[in-house]
Amino acid sequence: MKSRARFLKKIYIGLIFIFMYAPIVLLIIQSFNKSKSRAKWGGFTLEWYRTLFEDAGIIQAFTTTITVALISSAVAVVLGTAACVAMQRMGRRRKNIIMGVTNIPMLNADIVTGVSLMLLFMSIGMQLGYGTVLLSHITFNIPYVILNVMPRFNELNPHVYEAALDLGANPVYAFARTVLPEIMPGIGSGALMAFTMSLDDFIITHFTTGAGVYTLSTKIYSEVKMGIKPEIYALSSMIFVTVLVLLVLVNRVQHQMVRGEGDEE
Amino acid sequence: MKELIHLKNISKSYGDKVILDDLSLVIHENEFVTLLGPSGCGKTTTLRILGGFETPDKGQVIFDGRDITNLPPNKRNLNMVFQNYALFTHMTVADNIAFGLKIKKKDSSYINEKIRYALKLVNLEGFENRSVKTLSGGQQQRIAIARAIVNEPRVLLLDEPLGALDLKLRQDMQYELIRLKNELGITFVYVTHDQQEALTMSDTIVVMNQGYIQQTGSPEKIYNEPENAFVADFIGDSNLFPAVMVRDRLVAIDGTEFDCVDTGFGTNRPVDIVIRPEDVKLKNENMGTVNGKVTDLIFKGVHYEMCVDVKGREWVAHSTRPRYVGETVGITVDPYNIQVMNKPASEDEEAAAVNE
């Protein structure tokens, strides 16, 4: 009886994984398929990856994606950390309210965020394009930074900063030497998560971008409208692998953070 | 002794909550001053105003003749030992101690010598390269003190530094602190809610409650001659009774007249009196001023604690000789052991006196 129950459990979990990952596995297989038809296997090839890297439009989109992700996560880290510094000094009630407000964009439907940002940019007369995409990404990245950094602030002994001041440090030096090292793991995982979210985003970018400015995800979308090319499989597979690696990294950083605390005990 | 710190008419509130109300205090050079009181009495706020971490709403902080009320902490020539130590956990012991000296751009041979000297002073020689995380609470406390004193402050501020240590360690550290102060020859301002700690270490105790100073004086004075019921109650066990001052040198407790040494309270005036339990002498029946019946007996180690019912009021007595429950005893008190105090006059004083 027992072994049968265990067997059924394994079947069940297996089915879940098949449903979740079979499409992606299929996508990756297709990206190596020599045949242009999806119905038959024409042999292994890296052809589609090669043509991908020769496509100037794709390279352009790739550059845009990476720079937007880098700049937006860097700016979000600075703004988010500054917000945490301020929030840490608030009373519990005000802190909870602000935390709630910053969490809303994360839970909010992307399409609502995207459309409302687009409306905002247009109503103040901004030209939609690289700048507006970057601003949007910074906006939705800040909550992820706060989410990661704030717990570190909550654990911080507030007297440590004061002790540095007491020993003659000016406020900037005291922050850099005492607070920053303690919150660094949070900043690290926050930055990685923000980077991943930016890389990953389609909907908000779709609504806030202008003519001729593409990120990889919006590029794929526009190409698909004209008919699916095998290069798209290759591109999608690469995005999937990149995001997967980043997520593993985020987990590793957070795990180390927990372990680091264990050491202090 | 020369006056070093003068707090002048300091007031501080957070929102509607008044923490300090028109507090004035003088601290002398080379004095061990303890701010003593229950939590919320304003003692820590007073210390933080001295350290520069809080700015008073009203009043001035004068340090060595100079107004430092608005000077930031990093510009003040005093150092603080924080509650829970506040060590830099990602640095070694040596880096912790050198933190202030490096900011002052001292050369490395000077710094190394200072580290060695400070570690020797707190009995932790050879701990330079240890990680702070590996130290016990008592050792961390010593490092926190070493980190503060290498900067050669004129005043060391200590905010309940022994609060997190166990009893035995706490007692050892009390002696260490007294020794340290004598070796360094600087002023200590110490905050605690532990009256035993205050009595053991201080030159001067400042008893605080609800933002007011209740009494300032030497430990002996505070213990033996409390000025009001709050001080009497807060410092040690005590029999705190309402009484009537019949005339000079005669006080009546529940109708029983006792000789005392106090004068100037007028005649038939209601007062409060304090008698320390160790000053309540138990004799055999009818051998004392008044008879009472023992209702409780507890062994406390050094002495026995007995509760005696006298005319419906419970007296606490300490003695090395036990009197058993049910026994009728006579009670005497030497006249100089009865401390007579005015009843609180205003409502403010009343509020300050009742409840901890």
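How many bridges join strand S1 (residues 3-14) of chain B to S4(B), and in which sense do the two run? Five bridges join them, and the strands run antiparallel. Before I continue, please note that this is a predicted model, in which local features need pLDDT of at least 70 and side-chain atom pairs count only at pLDDT 80 or more, while totals for chains, interfaces and linings use all residues. Residues are numbered from 1 along each chain as its sequence is written, and chains are lettered from A and ligands numbered from 1 in the order in which they are written.

Helices (H or I, at least four residues) and strands (E, at least two) are DSSP runs, numbered from the N terminus. Two strands are said to pair if DSSP finds at least two bridges between them. In general, strands of a sheet pair through backbone hydrogen bonds, either parallel or antiparallel.

S1 and S4 belong to an open sheet of four strands, with the order S2-S1-S4-S5 in chain B and antiparallel pairing. Its edge strands are S2 and S5 of chain B, each of which pairs on one side only. Within the sheet, Ser11(B) stands opposite Lys58(B) in S4(B).

Two aspartates deserve attention here. As a general point, most residues other than glycine have a negative phi. Asp22(B), however, has a positive phi of about 55° although it is not a glycine, and it is found in strand S2 (residues 17-28) of chain B. Asp64(B) likewise has a positive phi, near 55°; this residue is found in the loop between strand S4 (58-63) and strand S5 (66-67) of chain B.

Why does Asp22(B) count as partly exposed? Asp22(B) counts as partly exposed because it has 14 C-beta neighbours inside 10 Å. The classes are as follows: a residue is buried if 20 or more other C-beta atoms lie within 10 Å of its own, exposed if 12 or fewer, and partly exposed in between, with C-beta atoms placed from the backbone. Asp64(B), with 14 C-beta neighbours inside 10 Å, is therefore partly exposed.

I turn to another sheet of chain B. Five strands form an open sheet in the order S15-S19-S16-S17-S18, with antiparallel pairing. Strand S15 (281-284) and strand S18 (313-319) of chain B stand at the edges with a single partner strand each, so one side of each is left without a neighbour in the sheet. Neighbouring strands are turned by 45° against each other on average, direction ignored, where axes are lines fitted to C-alpha atoms. Strand S16 (residues 290-299) and strand S19 (residues 328-332) of chain B pair in the antiparallel sense over four bridges. The bridge partner of Val290(B) in S19(B) is Ile331(B).

Chain A has 11 helices and zero strands. Its C-alpha atoms fill a box of roughly 75 × 70 × 30 Å, taken along the principal axes. Of the 265 residues of chain A, 33% count as buried.

Finally, the interface. Here, 19 residues of chain B are in contact with 16 residues of chain A, contact being defined by C-beta atoms, placed from the backbone, that lie within 7 Å. On the side of chain B that touches chain A, the elements giving two or more residues are strand S6 (78-81) and helix H2 (93-103) of chain B. The largest share, three residues, comes from H2(B).

Key:
Contact = placed C-beta atoms within 7 Å. Axes fitted to C-alpha atoms, helices over the stretch in contact; angles between N-to-C directions.
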